[in-house]
Amino acid sequence: MENSTANNVVIKIDNVSYDYRSSSDEFIARGVKNVSLSIGKGEFCVLLGRNGSGKSTLAKLLNGFIVPDSGTITVNGIDTSVDESIYEIRSKVGMVFQNPDNQMVASIIEDDLAFGPENLGIPRDEIEKRITWALETVGMSEHRKRSPNKLSGGQKQRVAIASVLSMLPEILILDESTAMLDPKGRAEVMETAMRLNKEKGMTVILITHYMDEAVGADKVFVLSEGELIGEGTPREIFSNVELVKRAYLELPVASKISLELKESGYDIPFALTDEELAEGICKLK
Amino acid sequence: MQIKVENLKYTYSPKTPFEKVALDDISFTINDGDTIGIIGSTGSGKSTLCQHFNALIRISHGKIYVGEWELHAKKLNLGALRQAVGMLFQYPEYQLFADTVKEDVAFGPINFGKSKEDADILARYALELVGLDYDEIKDKSPFELSGGQKRRTAIAGIIASRPEVLVLDEPTAGLDPQGKKEILDLVTELKKSYVKTVIMISHNMDEIAEYCNRVIVLNDSKLLYDTTPRELFSDKEKLSLTGLEVPHAVRVKNLLEARGIVLQGTPLTSKEFVELFKGGAPCAK
Amino acid sequence: MREVSFGQYYPSGSKVHALDARVKLLLTIAFIVMVFLVKSLYAYIAVAAFILLVTLVSRVPVLKVLKSIKAIIFIVIIMSLINLFANAEGKVLWSWWILTISEGGIITAINLALRLIFLVMGTSLLTYTTTPMELTDGMESLMYPLKLIKVPTHDIAIIMSIALRFIPILMEEVDKIMMAQKARGACFDRGGVLKRAKALLPVLIPLFVSAFRRADELALALDARCYNATPNRTKYKQAKLGWGDLVATLVTGVFITLVVAVNNNFWGLY
């Protein structure tokens, strides 16, 4: 089904290319090439692709850390290559990174949450409100006065999300934020991201290697060697065996089983999740 | 080489307010040829247990026999032991240090008393075994390699010493699906060489189910189960105690059971699931 | 995991914790200066009593404060020994070969040991009761005059705060890397000084690489959270001087006066 949010585009990437170059302008590596895509308000998007496929480059482009060699990126209609609006973009596009330890500045959690708003010159009372709200949103209120060092990986990442939320972003980018976590931590972060999306209408862009994190997305983008080679719902993407192979993705186990059963002559629909597969098998005669 | 653990106990910071029991009365035996998975939630003592096998942690209570060695003995030839029991830490690429790949891989053998020439031969063999092109890579700096190559180099650095036992602490953490598969296939390959026994810590139950012939489940510092993956994952009650996930294939089987379709046996992988399904046919209601 | 007990913030919500960090910093400095001025036994007793009093009010376990000495005990012993033999004033008590212990030596050794111990206890009380963020903010605020001559005091404060945060993380990392290299047969406790220093390279290089990687990621994270977005940065925790600060300053002031008086034998006690 076509998404009806087309008129509510928050991110528009128009034919963007970017190469990594040394300070003497020598070519080092390709970042992305001729990428065009748009993301609607409130969408949960997942970026898939093997290491070095350009996912993180795209994230950095969205936040204005780097500007396109060619093409344009607009966030809420603001061009990321315009220097004056860079902080406006960064406060609207919250970014959480892979290693939770390397993105916290303060030794006390509430101080870390205050960092972003302080940088933006938000008044004290307002910061106070935001901290309370953000910690509540990620379910970490009782840790407010504690040090992040003793937390589990999942808890640390939730604090990292809260520290970004305190800037009141409209878009949340999770750049492999689940990669270093154990299954419990991953579930915590995913649950938090899903909830922000469903309840607060936050646009979420998730970069991940875990295919099961993509099955619940509204939209999946597949990158390979810097190019966008696939775009669609998780079902469209994973049922495209050719695409999955080309991008070195992995099929969710349920999809694998449903495809193999189908090949063996069972009349079973393509399944994305274990539940769907079980349903499909139940309906077999 | 058999590894026998008897009543092993370990406490961090004993007799301080930070005292924490990490291992509580653990006993089990690992046989020659085993690929044994050590599972349990974060903080259950998996890494602490494994660091005992090559005496990185000295035994404070209990006994461990590794082949001829008695790890609880006062005098212990650490060099010979650590040569025989290779250990790959989490994110092993972060321990690379030398100017060239060759030197880094030869570091172990040289420490264990090999001449430079012999160490170079061992390094060459190890690099080829992990699937890297020796001539192409030997003089490169380990820091300029890609993520996957770095991890392989780190693995080569361990197996260059020709260990009989290989301990792997989350060997696939942080890799993309393709990288994960390559590393796991490599482990299977290694078992055809001089590596006889593999001990692997993992949070990924699909990996454990597919690659291990036995599992040790740690829970809250105690050994909860010592069994085969099939036994473990067949027993829903056992699993619910640990809070561990199950492999997807098992999950689908359980979902089917809840819907009244009983499969004869427990499939551990998608392949097994399809075969079981085709062979036994669903034994409905 | 390595235990970093020296100077780790210990939250207990006491009156001392609630004091303004700037006041605590200044008082600690005054305390240190005083400790280095006194030399009479009675004055030392008074100092010890004062530390005990502050510890009790701060509700930091006394044992924890005592433990902070552990970190420097080695330095204390060596420094005292040097002083013990270096000072040959007064009556000679014992002498062998070139080593001489005299009354003067014993007194300077004890003086030095006590001063160092009080110094560490005092400063660790400061760090036990003040979060690193408060400390750095306090320092930034005290450095305010420097800002007028264009010293980037805020950046300095952030750097200090980050440094404090990463010390335990990097220490843990050192442990991890050492273990990993030991697993590859590295040995850190054998051979002469040169050999040992060389053996540390496989630890130091990965540590530096990792520190740089962390710094890179951190820089990105700082940028992502709009670091330097506006010169009109606000402060979430605005230190406000309260009655407690006045009381603490008065108490410490009175105490320092007392100690100096005792030290100079103002009342002819000895």
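B:Asn7 is found in strand β1 (residues 3-12) of chain B, where helices (H or I, at least four residues) and strands (E, at least two) are DSSP runs numbered from the N terminus. Phi of B:Asn7 is near 45°, a positive value in a residue other than glycine. For comparison, most residues other than glycine have a negative phi, and most peptide bonds are trans. B:Asn7 counts as exposed because 12 C-beta neighbours lie inside 10 Å; a residue is exposed if 12 or fewer other C-beta atoms lie within 10 Å of its own, buried if 20 or more do, and partly exposed in between, with C-beta atoms placed from the backbone. The model is a predicted one, in which local features need pLDDT of at least 70 and side-chain atom pairs count only at pLDDT 80 or more, while totals for chains, interfaces and linings use all residues. Residues are numbered from 1 along each chain as its sequence is written, and chains are lettered from A and ligands numbered from 1 in the order in which they are written.

A positive phi also turns up in chain A. A:Glu176, which is not a glycine, has a positive phi of about 55°. This residue sits in the loop between β7 (171-175) and α6 (183-200) of chain A. A:Glu176 counts as buried because it has 22 C-beta neighbours inside 10 Å.

The strands of chain A come next. Four of them form an open sheet in the order β2-β1-β4-β5, with antiparallel pairing; two strands pair if DSSP finds at least two bridges between them. At the edges are β2 (27-40) and β5 (78-79) of chain A, each pairing on one side only. Strand β1 (residues 9-21) of chain A and β2(A) are joined in the antiparallel sense over nine bridges, and A:Val9 stands opposite A:Gly40 in β2(A). Further along chain A, strand β9 (residues 219-224) and strand β10 (residues 227-232) pair in the antiparallel sense over five bridges. Here A:Val220 stands opposite A:Gly232 in β10(A). Two residues lie between the strands of this hairpin, in which A:Glu225 takes a positive phi near 45°.

Leaving aside neighbours within four places in sequence, B:Ala126 is in contact with B:Val105, B:Ala156, B:Ile159 and B:Ala160, contact meaning that the C-beta atoms of two residues, placed from the backbone, lie within 7 Å. In helix α10 (residues 274-282) of chain A, the buried residues include A:Asp274, A:Leu277 and A:Ile281. Their cover includes α9 (253-263) of chain A together with α11 (248-258) and β11 (261-262) of chain B.

Where do chains B and A touch? The contact takes 26 residues from chain B and 26 residues from chain A. On the side of chain B, α7, α11 and α12 (270-280) give two or more residues each, and the largest share, six residues, comes from α11(B). This side divides into ten nonpolar, ten polar and six charged residues; Ala, Val, Leu, Ile, Met, Phe, Trp, Tyr, Cys and Pro count as nonpolar, Asp, Glu, Lys and Arg as charged, and the others, Gly among them, as polar.

The contact between chains C and A takes 30 residues from chain C and 31 residues from chain A. On the side of chain C, α7 (132-142), α9 (153-183) and α11 (201-224) each supply at least two residues. The largest share, eight residues, comes from α11(C). The residues of this side divide into 17 nonpolar, six polar and seven charged.

Finally, confidence can be considered, with pLDDT being the predictor's confidence in each residue, from 0 to 100. The mean pLDDT of chain C is 84, and 95% of its residues reach 70 or more. Over residues 1-6 of chain C the pLDDT is below 50. Where pLDDT is low, the predicted coordinates should not be read in detail. For the complex, the predictor gives an ipTM of 0.90 and a pTM of 0.84.
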